[in-house]
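These are my notebook entries on a single structure. I record what I looked up and how each term was defined.

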Amino acid sequence: MRDGSGYFDKVGAKLKSGVFTLPIFNFKIYVVMERALFAPIQRAARTISFNPLIKKANKAFAKLSQKSLDQYDDDSFWHDFRKISVQGMAPGADLDRLNLETVQGELRHVQELAAQSLSAPDEPVSIDLNEWIQHLLSQSATTGLYGPMNPFKDPEHEKSFWDFYANATDLFVDFLPSFLVGKARKAQAANGARYEAYLRSNGHETASAAIQLRTSFFTDRGLTPRENAWMNLAYDVGILANFTPTAFWTVYNAISRPELLAAIREELVTKSAVSRSSNSDDGKGTYTLDLARLRTACPLLLSTFQETQRLITNHAPLREILTDTTIKTDDKKTSYLFKKGNYLKLPSMPILHDQAIWGGDADEFDPHRFLKMKKDDSGDAVTHADLPPSAFPVWGVAPHICPARQYASTGVLALVALLAMRFDFEQEGVEGGEWKAPEAKGAFAFVLLPAETVKLRVKAREGWNEGDWEVAVGEAGTRMRLAVPG
């Protein structure tokens, strides 16, 4: 309860075994620290499964009926659901459209910040960085997904979502009295009702392909309109809960290091991810952020993003053991028996800080790490083929790798690019222009959160705010070369 997923790292460091058990009430949790076991466990997905936990989550979040829950025991349900989840976020026209609308939403918020700064050029604008990014993504990401009738346009919906997320784990504990879960249930009911109104008004028909596919799938599977609407509550958690802190830390790491910030700015311009054209009529020109070039031609920015993920990922995927299962390492030298009725965790922190993989400075931030580890001299960032198997589990563990990884990665890189090019930053409350990184926390968060407020003084950069800004898709269907499979 105190240390969250970091507890596994503390215990594992004291043990020689690659697996240890935690007795909890009448069951055990097997904690797997040995990376060599990850792949065999992934191959045993039928008997060591994440699916029952998704079923439990949707029972708690969407209050599904028993009839709807029973479908989660059907293999065809999972096959079809995974198919539409991937389809809605796969590189191509639908994802290009979704990223364009999301980043245009980011640009509107950045534009508002620039206007504030330009209105009083001698007085830097003060912002709470985490709060500002959380609101920006709560609006821009959901408008891209839910379309013109996005319920998040109502400030109460945004507030209720973050209240719901902060207290969502309470809903899993059936024996807690109502007054202890009141805040979570109140937020759940309020946003659930708004999603019901959204579907009644056919808001999903003008939404992204991802939302249209989900809505049609659940309708075809016989979920009631209320259940279908409430399924969006869990989807919002999946989209926003990790997106926002990952964006915060990536932005912070990029802007708090002057040499890195200068190098990122240079890369964005020289690789044509950001371009400036002159306008003979007013002399101000137009600035364009090209999403395809951002995805494919900015290895330092991508390395900075993935190094950030490496250090802030707190994920410890949980699996339920459905039948007694023996797992052997690929070299067949070691085997473990995992007993039915218990659970298994695969904590990512020990792997992401393993000096055997990442070097002696594995606990330090190195924005060039994902360039230096490249097996060839192409200058690109590493791919999963350059790393040992299961070395970078920041998007989950197969077969449950986040289908939104291309979408979210583009959104984070675009936000860094817009802020880096348009503003200079100083941290408030520190002396001599130095930066003081906040502590990280997150007992039950997949991504560590800042434990304290980071306030910044923001000033518009000369030469990058005199004209109009726009976002372009660029080359259609591009894919970011992330250091994960797929």
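**Entry 1: the hairpin**

I began with strand E8 and strand E9 (residues 335-338), which pair in the antiparallel sense over 4 bridges. Strands (E, at least two residues) and helices (H or I, at least four) are DSSP runs numbered from the N terminus, and two strands pair if DSSP finds at least two bridges between them. The model is predicted, with local features needing pLDDT of at least 70 and side-chain atom pairs pLDDT 80 or more, while totals for chains, interfaces and linings use all residues. Residues are numbered from 1 along each chain as its sequence is written, and side-chain values use heavy atoms, with hydrogens and water left out.

E8 and E9 form a hairpin with 6 residues between them. In the turn, Lys332 has a positive phi of about 65 degrees. I found Ile327 opposite Tyr336 in E9. E8 (residues 325-328) has a covered face of Thr325 and Ile327, whereas Thr326 and Lys328 make up the uncovered one.

**Entry 2: the open sheet**

I then traced an open sheet of 5 strands, in the order E1-E2-E10-E7-E3, with mixed pairing. E1 and E3 are its edge strands, each pairing on one side only. E1 and E2 run antiparallel and are joined by 6 bridges. The bridge partner of Ile24 is Phe27 in E2.

Most residues other than glycine have a negative phi. I noted two residues against that background. Phe25 has a phi near 55 degrees and is found in the loop between E1 and E2. Is Phe25 exposed or buried? Its relative accessibility is 82%, so Phe25 counts as exposed; the limits are under 20% relative accessible area for buried, over 50% for exposed and in between for partly exposed (1.4 Å probe, protein chains only).

Asn202 has a phi near 60 degrees. Asn202 lies in the loop between helix H9 (182-200) and H10. Asn202 counts as partly exposed because its relative accessibility is 36%.

**Entry 3: helix H1 and its cover**

In H1 (residues 6-14) I list Gly6, Phe8, Val11 and Gly12 as buried. What covers them includes strand E1 (19-24), strand E2 (27-32), strand E10 (343-345) and helix H15 (349-352). Contact here means heavy atoms within 4.5 Å.

**Entry 4: nonpolar cores**

I took a nonpolar core as a set of buried Ala, Val, Leu, Ile, Met, Phe, Trp, Tyr and Cys residues joined through side-chain atoms within 4.5 Å. The largest has 139 residues, and those with the most contacts inside it are Met89, Leu145, Leu268 and Phe338. H11 gives the most to this core, with 17 residues. A second, separate core has 10 residues, including Val11, Leu22, Leu53 and Ala316.

I also listed the contacts of Leu268. Leaving aside residues up to four places away in sequence, Leu268 touches Ala273, Val274, Leu294, Cys298, Leu301, Ala417 and Met421.

**Entry 5: cavities**

How many cavities of 30 Å³ or more does the structure hold? I recorded 2. On a 1 Å grid over the protein atoms alone, a cavity is a set of points where a 1.4 Å probe fits but cannot get out, and lining residues have an atom within 4 Å of a point. Grid points are joined across faces, edges and corners, and a volume is the space filled by probe spheres set on the points.

The largest cavity has a volume of about 50 Å³. Its lining includes Ile41, Phe50, Arg319 and His400. Helix H2 (38-43) and strand E3 (48-49) each supply at least two of the lining residues. By class, that lining has 8 nonpolar, 3 polar and 1 charged residues; Ala, Val, Leu, Ile, Met, Phe, Trp, Tyr, Cys and Pro count as nonpolar, Asp, Glu, Lys and Arg as charged, and the others, Gly among them, as polar.

The second largest cavity has a volume of about 40 Å³. Ile211, Arg214, Thr215, Phe218, Asn228, Met231 and Asn232 line it. The largest share of this lining, 4 residues, comes from H10.

**Entry 6: Asp424**

Lastly I looked up Asp424, which is in strand E11 (residues 423-427). At 37% relative accessibility, Asp424 counts as partly exposed. Asp424 touches Arg265, Arg457, Val458, Lys459 and Arg461, not counting residues up to four places away in sequence. The C-alpha atoms of Asp424 and Pro258 are separated by 10.0 Å, although the two are 166 residues apart along the chain.

Note on methods
On a 1 Å grid over the protein atoms alone, a cavity is a set of points where a 1.4 Å probe fits but cannot get out, and a pocket is an open set with protein on both sides within 12 Å along at least five of seven lines; lining residues have an atom within 4 Å of a point.
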